[in-house]
Amino acid sequence: MALEVCVKAATGAPDLLGDCPFCQRVLLTLEEKKVTYQMHLIDTANKPQWFLEVNPEGKVPVVKFDGKWVPDSDVITQTLETKYPEPSLVTPSEYSSVGSKLFGSFVTFLKSKDASDGSEQALITELSALEEHLKAHGPYVNGEKISAVDLGLAPKLYHLEVALGHFKSWSVPENLTHVKNYMKLLFSRESFVKTQPADKKYLIAGWAPKVNP
């Protein structure tokens, strides 16, 4: 039986897959584990009544496990690992926090209106730490095999690339060759191509109000 999963629809296009990186992380996990699933696209600006009845907080992603809707991508991906242990996507605990500060640094820099506030350098510092890790352990965070930490980072790095490219004409520095190769590897995986936002314009539309409130 297919697992039911609710994810964010595209802004202004409720029939297309949206730009939520936490939703994509869950979809990537389902795809990499080859779990059959049924996807419900939720228009977060106009949430359907049935969705609010089963999930009063109205958050996405949520997945239905054993008749109960479960929110939070951390909880969902851990539950998927327990219920569908093969193929294993477990990241060794010593690597599980690799890149964990990247998304926050990206958002701060994206919203920054002051070139001298240090937010760009803070992001480069985080990317450089990822570079050093991948240089020593790559091509993925845990070597040759993709794992949970990569599936969490992939959507965030995609947001970073698209949003900073659009709003700041900024891209990952050329000297971070392992990070650039890592992004290419992740973005070209079949699971990523299947689960990425329907169009980059929806990702840009999702960030626009936060960049220019």
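Trainee: Is Ser191 buried or exposed?

Mentor: The model is predicted, and its local features need pLDDT of at least 70, with side-chain atom pairs counted only at pLDDT 80 or more, whereas totals for chains, interfaces and linings use all residues. Residues are numbered from 1 along each chain as its sequence is written, and side-chain values use heavy atoms, with hydrogens and water left out. Ser191 is found in helix 8 (residues 190–195), where helices are DSSP runs of H or I with at least four residues, strands are runs of E with at least two, and both are numbered from the N terminus. Because the relative accessible area of Ser191 is 7%, and the class limits are under 20% for buried, over 50% for exposed and in between for partly exposed (1.4 Å probe, protein chains only), Ser191 is buried.

Trainee: With which residue does the side chain of Ser191 form a polar contact of 2.6 Å?

Mentor: Leaving aside neighbours within four places in sequence, Ser191 is in contact (heavy atoms within 4.5 Å) with Leu28, Glu31 and Glu32. A polar contact is a pair of N or O atoms within 3.5 Å; within protein one must be able to donate a hydrogen and the other to accept it, and residues adjacent in sequence count only if both atoms are side-chain atoms. At 2.6 Å, the side chain joined in this way to that of Ser191 belongs to Glu32.

Trainee: Which backbone oxygen does the side chain of Asn55 reach?

Mentor: Asn55 has its place in the loop between helix 2 (49–54) and strand 4 (62–65), and its relative accessible area of 6% makes it buried. Its side chain reaches, at 2.8 Å, the backbone oxygen of Lys59.

Trainee: At what distance does the side chain of Thr82 reach the backbone oxygen of Gln78?

Mentor: Thr82 lies in helix 3 (residues 73–83) and counts as exposed because its relative accessibility is 65%. The side chain of Thr82 reaches the backbone oxygen of Gln78 at 3.0 Å.

Trainee: At what angle do helix 1 and helix 3 pack?

Mentor: Helix 1 covers residues 21–32, and its axis is 10 Å from that of helix 3, axes being lines fitted to C-alpha atoms, for helices over the stretch in contact, with angles from 0 to 180 degrees between N-to-C directions. The pair is therefore roughly parallel, a class for angles under 35 degrees, while those over 145 are roughly antiparallel, those from 65 to 115 roughly perpendicular and the rest oblique. The packing angle of helix 1 and helix 3 is about 5 degrees.

Trainee: How many nonpolar residues does the contact of helix 1 with helix 3 have?

Mentor: Phe22, Arg25, Val26, Thr29 and Leu30 of helix 1 make this contact with Ser73, Asp74, Ile76, Thr77 and Leu80 of helix 3. Ala, Val, Leu, Ile, Met, Phe, Trp, Tyr, Cys and Pro count as nonpolar, Asp, Glu, Lys and Arg as charged, and the others, Gly among them, as polar. By these classes the contact of helix 1 with helix 3 has 3 polar and 2 charged residues, and its nonpolar residues number 5.

Trainee: In what kind of crossing does helix 4 pass helix 6?

Mentor: The axes of helix 4 (residues 102–111) and helix 6 (residues 148–168) come within 10 Å and cross at roughly 15 degrees, which means that helix 4 is roughly parallel to helix 6. A crossing is left-handed if the near helix is turned anticlockwise from the far one by less than a right angle, and right-handed if clockwise. The crossing of helix 4 past helix 6 is left-handed.

Trainee: Which residues in helix 7 do Asp150, Leu153, Ala154, Leu157, Tyr158 and Glu161 in helix 6 meet?

Mentor: Helix 6 packs against helix 7 (residues 177–188) at about 105 degrees, with the axes 10 Å apart, which means that the two are roughly perpendicular. The partners in helix 7 are Tyr182, Met183, Leu186 and Phe187.

Trainee: By what distance are the C-alpha atoms of Trp207 and Phe167 separated?

Mentor: Trp207 has its place in helix 9 (residues 200–211) and counts as buried because its relative accessibility is 8%. Not counting residues up to four places away in sequence, Trp207 touches Phe103, Phe106, Val107, Leu110, His159, Ala163 and Phe167. Although Trp207 and Phe167 are 40 residues apart along the chain, their C-alpha atoms are separated by 9.3 Å.
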